[in-house]
Amino acid sequence: MTILDSSPTVTGGPALPQERRLVTAIPGPESRKRAERKAQAVAAGVGTTLPVYTVAAGGGVIVDVDGNSLIDFGSGIAVTGVGNSAPRVVEAVTAQVAAFTHTCFTIAPYDSYVDVAEALNRLTPGDHAKRSALFNSGAEAVENAVKIARHYTGKQAVVAFDHAYHGRTNLTMGLTAKNQPYKNGFGPFAPEIYRAPLSYPLRDGGLSGAEAAKRSITMIEKQIGAANLAAIIIEPIQGEGGFIVPADGFLPALADWAAANDVVFIADEVQTGFARTGTMFASEQFGIVPDLIVTAKGIAGGLPLSAVTGRAEIMDAPQLGGLGGTYGGNPLACVAALAAIETYETEDLAARARAIGAILFDKLGALRDADPRVAEVRGLGAMVAIELVDENGEPDAALTSKVAAAVHAAGVVLLTCGTYGNVIRFLPPLSIPDHLLVEGLDVVTEALVNA
């Protein structure tokens, strides 16, 4: 396959050369000094994947205190979709910080909060009347989506799915499937949370989407009962759980069942949202229109913001004052979101995500064909992963860790995930130039060959 360069022009922020450049070992001496300070000042539970201390970032690179320039395949866990220090975001935030930084929207409101709500109501799937509420983090938005669904339905039970990740608050830890490191030792968790089996095509015996949905629905009906169920919450493509893409028909069947049984269908698009998968929201590609959709991460170019957007009658159910928070919809984050959304739309970053995905699937597909340890390449757009296995087809977390360590040492920021710790995920900023994307993938290939 011939790959045509569709790279965006890197503008704004520091004029960073778009190159991988290693002048020290990774991490270098200055980063190691800062790691020593961190150990004395920061709680031990706050870890780092790659302890290089950043001084600049943009396009497809991160520059550390030692002068190393690393290829960024993480985007701050899918946050900097528009790139770091994106020009419109920088300009908007700079102007806003000079005007005012905070009043609390629930005390003295401002236009940018309403502007973001209007944009979300327009962009999210479905042409029904919608409302939005803004918060700070994905976990906070998920928790509020559950609150809203419970209030609207008058029911309490919530179903999440195998391998799910929804956050680190008490309620969202309950929704999250993976014990270590997210839940271990932190219970008891919020009650009335249940788990159903997911469609996991690589590992569920070849079930079709319809068959997998029937399995889940039967469990829900027999063990919980639709009369008790307020909401189903699911990631259209799972994030931390391993970038699992459900089989065709799975999500529509769940959504149809929820609609027929007065159950609120919540799509957690915290990681999949904002052009990441090749459309503005992944739900569009699965043919579903969620009742509520949760967004965060890529929404505001790196500033903390999240939202719940959904059907007006559901969103309007909680009493006045039932939704809110001191920092929710902070004005700096709101103008950043408006600038990021403008960037996604005017630069057609959904198309850019599809172009990145074509390169990822081409290069990683060749790797899969050459190496049986790559069990699967999966994902959509610029949200792609490989699952690594041993000679028996079992998850190989040790191999995954070894590859990631080698890639890090070679100057590429790379993230792992998956319930079994055997998935490598690729989340490059949509501003990454093609030559860096290809070079980084070559580093990954070399690391796997040598592992």
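**Close-up 1. A salt bridge joins the side chains of E347 and R88.** The model is predicted. N and O lie 3.1 Å apart in this pair. E347 sits in the loop between α11 (331–346) and α12 (349–370), and R88 belongs to helix α3 (residues 87–99), so the contact ties together parts 259 residues apart in sequence. E347 is partly exposed, with 44% relative accessible area. R88 is also partly exposed, at 27% relative accessibility.

**Close-up 2. R311 pairs with D291 in a salt bridge.** The closest N and O atoms are 2.8 Å apart. R311 lies in strand β10 (residues 306–311). D291 lies in the loop between α9 (283–286) and β9 (292–295). The pair therefore links parts that are 20 residues apart in sequence. R311 has a relative accessible area of 22% and counts as partly exposed. D291 has a relative accessible area of 14%, which means that D291 is buried, the cut-off being under 20%.

**Close-up 3. R203, E376, R378 and E387 belong to one salt-bridge network.** Shared partners join these residues. The structure as a whole holds 19 salt bridges.

**Close-up 4. E19 and R21 form a salt bridge.** Their closest N and O atoms are 2.8 Å apart. E19 is partly exposed, at 34% relative accessibility. R21 is partly exposed too, with a relative accessible area of 28%.

Key:
Residues numbered from 1 in each chain as written. Predicted model: local features only at pLDDT ≥ 70, side-chain atom pairs only at ≥ 80, totals over all residues. Heavy atoms only, no water. Salt bridge = Lys/Arg side-chain N within 4 Å of Asp/Glu carboxyl O. Buried < 20%, exposed > 50% of the residue type's maximum accessible area, 1.4 Å probe, protein only. Helix = DSSP H or I, 4+ residues; strand = E, 2+ residues; numbered from the N terminus.
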